[in-house]
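The exercises below are meant to be worked through with the sequence and the model side by side. Try each task before reading the solution that follows.

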Amino acid sequence: MFRYIIRRLLQMVLAFFGTTLLVYWLMFAASGDPIAALAGEKPLSPSVRQALIQEFHLDQPFIVQYLYYMRDLLTFDLGVNTSGRDIGQIVATAWPYTLKLAFIAFIFVVVVGITLGVIVAMKRGGVFDTVVLLLTLIVISIPVFVIGSTLALFGAKWGLWTTNVGGSGKLLAYLVPALVLGSLSLATAVRLTRSSVGENLRADYVRTAKSKGLKRSRVVGVHVLRNSLIPVITFLGIELGGLMGGAIVTEKIFNIPGIGFELAKAIGLEDGPTVVTIVSLLVIVYLLMNLLVDVLYAVLDPRIRYE
Amino acid sequence: MSDQNALPPADSVVALAEGEAGAGRARSLASDAWRDLRKNPIAIISAVIIVILVLMAVWPSLFTGADPAACDLSRSLQPPSSEAWFGYNLQGCDIYARTIYGAKASLQVGLYSVIGVAVIAIVLGMLAGYYGGWADAVIARVTDIVLGIPLLLGAIVILSSVELDGVWPVVLALALLGWTSPARIVRSSVISAKGQDYVQAARMLGANDKRIMMRHIAPNAMAPVIVVLTIALGSFISVEATLSFLGIGLKGEISWGADIADATGRVRNALGPVLFPSTFLALTVLAFIMLGDAVREAFDPKLR
């Protein structure tokens with residue numbers, strides 16, 4: 001187990017450097033002259049230009065520039081964006097909003113998704129089952145931004161909920177945006193739980209437990225649930241990482257000043273440093289979540305042995 | 001689901017009868033699946049939707065005589081009428097015409113990026129699965145790296161550094177980021193096909209690696225990939241619309257995502273400009289996902 005975690009960590013480090021290198025290369029090597037972009041319309045004198053090139057290490061080979069960037073990133077010096085604002089500060093102010101939104105969405109997905117999935121699996125083939133399956137299929141096929149815009153419309157038209165969350169600290173204001181953010185994961189979680197519980201209900205050990213005279217609630221609540229939640233938990237762990245990165249659309253629609261909102265703003269302003277930094281941070285979160293899920297998987301399922 | 005469970009007895013009788021009539025002609029998994037699909041109402045409905053969409057993309061003037069670019073501000077935000085079935089948007093363009101013409105870009109993005117993903121995934125997956133060893137290890141690490149980039153975020157980064165009009169930048173971004181899970185699926189089905197007796201037999205007859213891969217392994221390892229790619233086509237269309245909604249997707253094309261984004265600001269005054277492209281978008285994605293599900297059921301021997 002210990003060796004497995006170490007090996008997994010080493011793989012993660014490799015993936016992290018590969019991913020950030022890719023993002024860094026796409027953002028900088030593929031764009032034009034960064035000094036000209038920084039200077040704007042006013043032409044720079046050759047000496048100022050030379051000084052700037054030296055300051056940003058642009059005279060060094062690409063890989064050295066990347067290493068400078070990684071050194072700063074890993075010492076939590078996120079640098080400044082193109083308008084001179086401290087990126088670390090932008091991230092620090094925006095992060096709590098995204099975290100709050102992602103966690104409320106996650107709770108929705110876990111509680112509603114698993115409960116509905118189990119209920120539907122128990123009543124397989126019934127009217128409720130068909131209706132829920134159809135609804136999940138519809139939710140999966142409607143893009144999140146359409147669901148978000150529609151709910152924002154309803155909220156605004158009848159004053160049901162606020163569509164301009166802004167920096168408000170009220171938890172209530174986050175409920176609808178969180179539902180929008182989690183809608184796709186929620187629908188997938190319901191389907192996944194349904195098929196997993198359905199499979200386990202037909203297993204031999206369930207028949208044994210039933211014939212032993214155990215109560216139905218115990219058979220389902222303990223035996224079936226424990227076995228069928230393993231794939232669901234894997235899915236949920238990866239989704240939590242995805243929810244934090246995927247908040248860009250939801251935050252834009254409901255005007256929440258989180259990470260996704262800042263990212264969308266930076267894209268609009270062609271602010272390369274901010275885009276690279278935020279994407280790199282989100283990639284780290286995503287990779288950590290994947291690692292956590294893999295370790296959790298081994299803990300939850302004793303049948304899985306890692307050498 | 002439930003009617004499928006009810007079908008098998010009658011189904012197998014028919015199959016038996018046909019088998020006898022066909023004088024021992026063995027039917028392949030693919031033809032079995034095809035027979036199943038033709039009887040599945042969900043598959044038929046989604047196939048009909050897809051055929052209509054393809055017609056819209058190839059021949060939009062079949063559906064509308066109006067020009068999507070002929071806009072007149074005096075008609076701005078007019079409600080649906082017999083002239084324009086879906087009404088007019090803020091710029092006074094015919095929403096019905098724009099929705100019909102928008103199908104082309106969405107389907108192009110979906111189709112081209114799925115082809116790109118299929119090529120990358122099949123080549124890498126077959127190399128990794130067939131040769132194993134260090135080829136497998138290298139490809140697995142590359143897959144890990146690309147898998148570390150969430151699709152939407154990666155596409156945003158790629159698109160903000162590529163300055164080109166048309167569908168190609170989006171296709172490039174989706175193809176470069178979307179191949180990972182199909183490649184893993186190809187790899188695992190190649191590994192299971194590699195151990196089969198017929199592959200051993202082919203090798204003993206002196207077939208080289210290329211022939212074994214192309215003639216023996218590829219046809220037998222493709223079914224799960226086709227299913228995943230069908231569903232991926234739907235989700236790529238959805239991602240493209242999301243990117244266009246964020247303002248970095250398609251440039252210089254009529255696109256549902258961009259039209260929805262333009263109209264959301266004024267949705268309180270006029271619902272039509274948001275409603276109609278959204279409905280078409282959702283139907284398109286739904287059709288591909290349902291077709292993928294139906295193909296999966298048809299190919300799954302456990303459901304027989």
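**Exercise 1. What should the 15 residues of helix H9 (residues 180-194) of chain B span at 1.5 Å a residue, and how far apart are its end C-alpha atoms?**

Before starting, note that this is a predicted model, in which local features need pLDDT of at least 70 and side-chain atom pairs count only at pLDDT 80 or more, while totals for chains, interfaces and linings use all residues. Residues are numbered from 1 along each chain as its sequence is written, and chains are lettered from A and ligands numbered from 1 in the order in which they are written.

Step 1. Helices (H or I, at least four residues) and strands (E, at least two) are DSSP runs, numbered from the N terminus.

Step 2. The expected span of a helix is 1.5 Å times one less than its number of residues, so the 15 residues of H9(B) should span 21 Å.

**Exercise 2. Find which residues of H9(B) are buried, and what they pack against.**

Step 1. A residue is buried if 20 or more other C-beta atoms lie within 10 Å of its own, exposed if 12 or fewer, and partly exposed in between, with C-beta atoms placed from the backbone.

Step 2. The buried residues of H9(B) include Thr180(B), Pro182(B), Arg184(B), Arg187(B) and Val190(B).

Step 3. The buried residues of H9(B) pack against H5, H6, helix H10 (197-204), helix H11 (209-221) and H12 of chain B, where packing rests on contacts, that is, on C-beta atoms, placed from the backbone, that lie within 7 Å.

**Exercise 3. Describe how H5(B) packs on H6(B), and then how H7(B) packs on H12(B).**

Step 1. Two packed helices are described by the angle between their axes and the distance between the axes. Axes are lines fitted to C-alpha atoms, for helices over the stretch in contact, and angles run from 0 to 180 degrees between N-to-C directions.

Step 2. Helix H5 (residues 95-131) and helix H6 (residues 133-147) of chain B pack at an angle of about 140 degrees, with their axes 7 Å apart. That makes H5(B) oblique to H6(B), since angles under 35 degrees count as roughly parallel, over 145 as roughly antiparallel, 65 to 115 as roughly perpendicular and the rest as oblique.

Step 3. The crossing of H5(B) and H6(B) is left-handed, a term used if the near helix is turned anticlockwise from the far one by less than a right angle, with right-handed used if it is turned clockwise.

Step 4. On the side of H5(B), Leu124(B), Leu127(B), Ala128(B) and Tyr131(B) take part, and they meet residues of H6(B) that include Asp136(B) and Ile139(B). The residues of this contact divide into seven nonpolar, one polar and one charged, where Ala, Val, Leu, Ile, Met, Phe, Trp, Tyr, Cys and Pro count as nonpolar, Asp, Glu, Lys and Arg as charged, and the others, Gly among them, as polar.

Step 5. Helix H7 (residues 151-161) and helix H12 (residues 223-245) of chain B pack at an angle of about 55 degrees, with their axes 11 Å apart, and are therefore oblique to each other. Their crossing is right-handed.

**Exercise 4. Is Lys252(A) buried or exposed, and which residues is it in contact with?**

Step 1. Lys252(A) has its place in helix H11 of chain A, and with 21 other C-beta atoms within 10 Å it is buried.

Step 2. Leaving aside its neighbours within four places in sequence, Lys252(A) is in contact with Gly260(A), Phe261(A) and Ala264(A).

Step 3. For comparison, Asn255(A) lies in the loop between H11 and H12 of chain A and is partly exposed, with 15 other C-beta atoms within 10 Å. The phi of Asn255(A) is near 55 degrees, a positive value in a residue other than glycine.

Conventions. Two residues are in contact if their C-beta atoms, placed from the backbone, lie within 7 Å.
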